[in-house]
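Colleague: I have just been handed this one and have not looked at it before. Could you walk me through a few features once it is on the screen?

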Amino acid sequence: VQRMHDLVAAKKATLTCVVHNAGTIGEIAPAESVSLSGFRGAMATNVEGPLFLTQGLAKLLGQAPDGGRVLHVSTGAAHGPLADSLGYCASKAALLQVMRCLDLELQPRVRVGSAMPGIVNTEMQAKLREKDFPAAAMFRDFFANAAEGEWRGPGRPPAGGLDHADNAADFLAWLLLDVPSDDFGGNE
């Protein structure tokens, strides 16, 4: 955080946007087997990282001429359970509330929003396809239902298939740069 403050000051630049895209699935295990360290690891990456990075950069973001924006990349797991993924689901649900609280307290100079870009073909998806847990078959099916090779739009991905990371990036850029502030902030 201090390096970002120093960089902005040295370049006489403005920080306008932050995207919280880093995430971890955490420990994949039945609820009765989840370890304290596994659960804490998911919370540290998926909740604490975005919270404290936003906190540390809020002043810089608030100095942007049109205000700053923070975007959290979310998932359906924030809204519904996924077997053997307690840490991931709980941390993503917590992140959704962090987003809402931050937006409430930082507006109008900084707006905080969240987006669910869909089921995107990422390294995390590849790792999930290799695991042996109840939802693994679903992730393998998403991959199998994608068009041959990597699907690239515009438009929607194949029904029941994975989207391409470039499509998700285009969607997130649109949210950050083109959506009016009141429609962006506090929303998913």
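This is a predicted model: local features need pLDDT of at least 70, side-chain atom pairs count only at pLDDT 80 or more; totals for chains, interfaces and linings use all residues.

Colleague: Fine, rings to begin with. How many aromatic pairs does the structure hold?

Modeller: There are three aromatic pairs in the structure. One of them joins phenylalanine 139 to phenylalanine 142 in an edge-to-face arrangement, with 6.3 Å from centre to centre and 70° between the planes.

Colleague: Why does 70° count as edge-to-face?

Modeller: Planes over 60 degrees apart count as edge-to-face, and the planes of phenylalanine 139 and phenylalanine 142 are 70° apart, so this pair falls in that class.

Colleague: And where do phenylalanine 139 and phenylalanine 142 lie?

Modeller: Both belong to helix 5, which covers residues 136-145, and they are three residues apart there, about one turn of the helix.

Colleague: What about charges over rings, say arginine 69 and arginine 129?

Modeller: Arginine 69 has its charged end over the ring of phenylalanine 184, at 4.7 Å from the centre of that ring, while arginine 129 lies over the face of phenylalanine 143, with 3.9 Å to the ring centre.

Colleague: Changing topic, how many cavities of 30 Å³ or more are there?

Modeller: The structure holds two of them, and the second largest cavity has a volume of about 30 Å³.

Colleague: What lines the second largest cavity?

Modeller: Its lining is made up of His72, Ser74, Lys92, Leu95, Leu96, Met99 and Ser114. Helix 3, residues 86-106, gives the largest share of that lining, with four residues. Sorted by class, the lining has three nonpolar, three polar and one charged residues.

Colleague: Last one, on the cysteines. How many disulfides does the count come to?

Modeller: The count comes to zero disulfides, where a disulfide would need a pair of cysteine sulfur atoms within 2.5 Å.

Notes. Residues are numbered from 1 along each chain as its sequence is written. Side-chain values use heavy atoms; hydrogens and water are left out. Rings of Phe, Tyr and Trp (its six-membered ring) pair if their centres lie within 6.5 Å; planes under 30 degrees apart count as stacked, over 60 as edge-to-face and the rest as tilted. Helices (H or I, at least four residues) and strands (E, at least two) are DSSP runs, numbered from the N terminus. A charge sits over a ring if NZ of Lys or CZ of Arg is within 6 Å of the ring centre and within 35 degrees of the ring normal. On a 1 Å grid over the protein atoms alone, a cavity is a set of points where a 1.4 Å probe fits but cannot get out, and a pocket is an open set with protein on both sides within 12 Å along at least five of seven lines; lining residues have an atom within 4 Å of a point. Grid points are joined across faces, edges and corners, and a volume is the space filled by probe spheres set on the points. Ala, Val, Leu, Ile, Met, Phe, Trp, Tyr, Cys and Pro count as nonpolar, Asp, Glu, Lys and Arg as charged, and the others, Gly among them, as polar.
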